[in-house]
Amino acid sequence: IELLGITYKENTSDIRESPAIKIVKNLLAHFSNRKITLYDPHVTIKNLLGLKVENCLNFENNSIKIILVNHDKFKDISGEKVFKIKDLL
């Protein structure tokens, strides 16, 4: 599972009170046996909740991608395994 965006709002680096953090916690609790990868080009932190935060997109072919924050960099990402969080709620 690849999660794109962990900031409070799009195109910022602020993660304080980000709803994405709660989503990451829930996924870790329910899918601890799966590999979860975080991507965010705007943050400088290297680790969140024990997961490495990548700043470069390096997708795996068979992974599910969930866009948590609509950063401009993610606007052109599409495919049958790409979901926006607002569509899943």
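The model is predicted, so local features require pLDDT of at least 70 and side-chain atom pairs pLDDT 80 or more, whereas totals for chains, interfaces and linings use all residues. Residues are numbered from 1 along each chain as its sequence is written, and side-chain values use heavy atoms, without hydrogens and water.

**Exercise 1.** Determine which residues touch the most other members of the largest nonpolar core.

*Solution.* 
1. A nonpolar core is a set of buried Ala, Val, Leu, Ile, Met, Phe, Trp, Tyr and Cys residues joined through side-chain atoms within 4.5 Å; buried means under 20% relative accessible area, exposed over 50%, and partly exposed in between (1.4 Å probe, protein chains only).
2. The largest core has 17 residues, and Leu-3, Ile-6, Ile-36, Leu-38 and Leu-68 touch the most other members.
3. Two or more residues come from each of α1 (19-30) and β4 (51-54); α1 gives the most, with four. Helices (H or I, at least four residues) and strands (E, at least two) are DSSP runs numbered from the N terminus.

**Exercise 2.** Identify the salt bridges and the exposure of their partners.

*Solution.* 
1. A salt bridge places a side-chain nitrogen of Lys or Arg within 4 Å of a carboxyl oxygen of Asp or Glu; the structure holds two.
2. Arg-16 pairs with Asp-14, with the closest N and O atoms 2.8 Å apart. Arg-16 is exposed at 63% relative accessibility, and Asp-14 is partly exposed at 27%.
3. Lys-52 and Glu-54 form a salt bridge at 3.7 Å, N to O. Lys-52 is exposed, at 57%, and Glu-54 is partly exposed, at 26%.
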